[in-house]
Amino acid sequence: MIERYTLPEIGRVFSDAHKYELWCQVEILVMEAHAEAGTIPADAVEPVRKAPPPTPERVAEIEAVTQHDVIAFLTAWADNTEPRDAAAWVHFGMTSSDLLDTALAAQLVEATDILLAKADTLVAALRDHALAHKDTLRVGRTHGIHGEPDVWGHRVADFAFGMARSRDRLRRAREAVGVMAISGPVGTYSNIDPSVEAYVAEKLGLRPADVSTQVVLRDGISEWVSSLAIMATVCEAVALEVRHGQRTEVRELWEPFGKGQKGSSAMPHKKNPIMSERICGMARNVRAQIVPVMEGIPLWHERDISHSSTERISLPDAAIATDYLLNLTTKLVTGLVVDAERMQANLDSTNGLIYSSTVVSELLETGMSREDVYALVQTAAMRTWETGTAFRATLREEASARGVALDEARLDEVCRPERFVQRLGGVFDRLAKLG
């Protein structure tokens with residue numbers, strides 16, 4: 001991921017320097033387990049533990065010759081070890097994937113914990129915003145067309161619960177991705193005892209794979225990336241709502257617009273929803289990683305490294321972009337400007353058409369057939385659309401022409417926007433408990 005969209009904390013997790021730190025950690029733990037079992041000399045462990053991790057530059061220099069990243073790493077690290085002979089016991093009984101997959105699991109768990117903390121923050125921001133606007137009336141739209149009265153908090157509550165589910169889904173995926181293996185060439189433990197794998201797993205807080213053919217099957221990693229993609233898309237849903245709400249014709253919502261901010265290089269009046277547009281664009285990048293990673297599940301003759309080059313791009317990009325999205329969406333929600341007066345004006349803008357459904361229900365009480373009631377109300381509604389005449393007026397005229405008596409007092413009572421949202425209390429009660 002380019003620097004523009006990489007925040008420092010998660011950027012460090014996926015840095016080459018940190019990767020080599022994790023590789024060193026795994027190799028040292030393997031040596032400790034071997035030393036306890038008497039497989040390698042116990043006095044070899046401490047010199048290796050004290051050796052600083054090799055620099056990315058030094059590893060790259062050696063890899064340019066070896067064309068093998070693990071060998072380059074081991075050589076560079078051995079050069080830092082005093083006495084160098086102790087490094088002979090590094091990687092004992094292991095194959096490259098033992099190191100790579102185990103360190104990758106630790107790295108992805110570390111990244112996941114950063115993402116889960118930010119997801120918690122966004123859930124709380126959405127929850128609090130929704131509760132603050134549980135009485136803010138607005139029109140509810142279907143297909144982009146005015147439907148019935150609603151409250152803004154109801155819409156945001158949907159996002160809050162959606163993000164909470166996404167967070168919980170990622171928490172489950174953390175378990176799926178925190179799987180390691182140290183089982184040697186082709187995964188048969190031919191040169192390494194399973195107790196070594198168990199020791200390393202416990203120290204790193206990971207779970208040994210139930211079975212490994214050297215490479216850990218990528219279904220868990222695919223689940224993890226899919227969870228990130230869903231989370232990113234919920235962020236996009238929030239942003240898309242703001243983009244619609246900030247349209248000039250709607251003007252119900254505004255992104256935070258800071259002092260000195262500019263909306264256009266040509267038009268000084270512009271306040272564009274750039275944060276929301278960026279969120280929508282970045283979410284595409286996260287979703288785009290699902291297929292490449294999933295295609296790493298099937299490998300040639302049990303194992304190859306076709307997944308490796310893909311994952312070097314897809315896994316950091318998916319995590320870093322999701323981290324950026326969570327951070328930006330939280331800023332969007334906490335700084336969002338809600339124009340309640342404009343929401344009320346839009347609610348009233350169709351001259352009462354949003355009460356058509358409740359009028360149908362009331363007229364059914366008179367004993368008319370549903371077909372006749374619908375025809376009467378629709379005819380009145382279409383006249384309102386075409387002429388701008390108040391819906392109650394066209395309704396009154398159509399009812400009179402058909403000999404239908406209207407209970408005006410009753411219609412006054414049911415054609416109140418507050419009536420449409422009076423049963424939402426349970427939703428907000430559940431929302432208030434959302435942690």
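**Salt bridges, overall.** I counted salt bridges in this predicted model. The count comes to 36.

**E46 and R49.** I checked the distance first. The closest N and O atoms of E46 and R49 are 2.4 Å apart, and the pair forms a salt bridge. Next I asked where the two residues sit. Both belong to helix α3, residues 45-50, and lie three residues apart, so about one helical turn separates them. E46 is partly exposed, at 36% relative accessible area. R49 is also partly exposed, at 35%.

**R218 and D101.** I found a salt bridge here as well, with the closest N and O atoms 3.0 Å apart. This pair links distant parts of the chain, 117 residues apart. R218 lies in the loop between β4 (207-208) and α9 (219-245), while D101 lies in helix α6, residues 96-132. Buried or exposed? I checked R218 and D101 for this. Both are buried.

**E418 and R416.** I noted a salt bridge between these side chains, at 3.9 Å from N to O. E418 is partly exposed, with 40% relative accessible area. R416 is partly exposed at 29%.

Methods
Residues are numbered from 1 along each chain as its sequence is written. This is a predicted model: local features need pLDDT of at least 70, side-chain atom pairs count only at pLDDT 80 or more; totals for chains, interfaces and linings use all residues. Side-chain values use heavy atoms; hydrogens and water are left out. A salt bridge is a side-chain nitrogen of Lys or Arg within 4 Å of a carboxyl oxygen of Asp or Glu. Helices (H or I, at least four residues) and strands (E, at least two) are DSSP runs, numbered from the N terminus. Buried means under 20% relative accessible area, exposed over 50%, partly exposed in between (1.4 Å probe, protein chains only).
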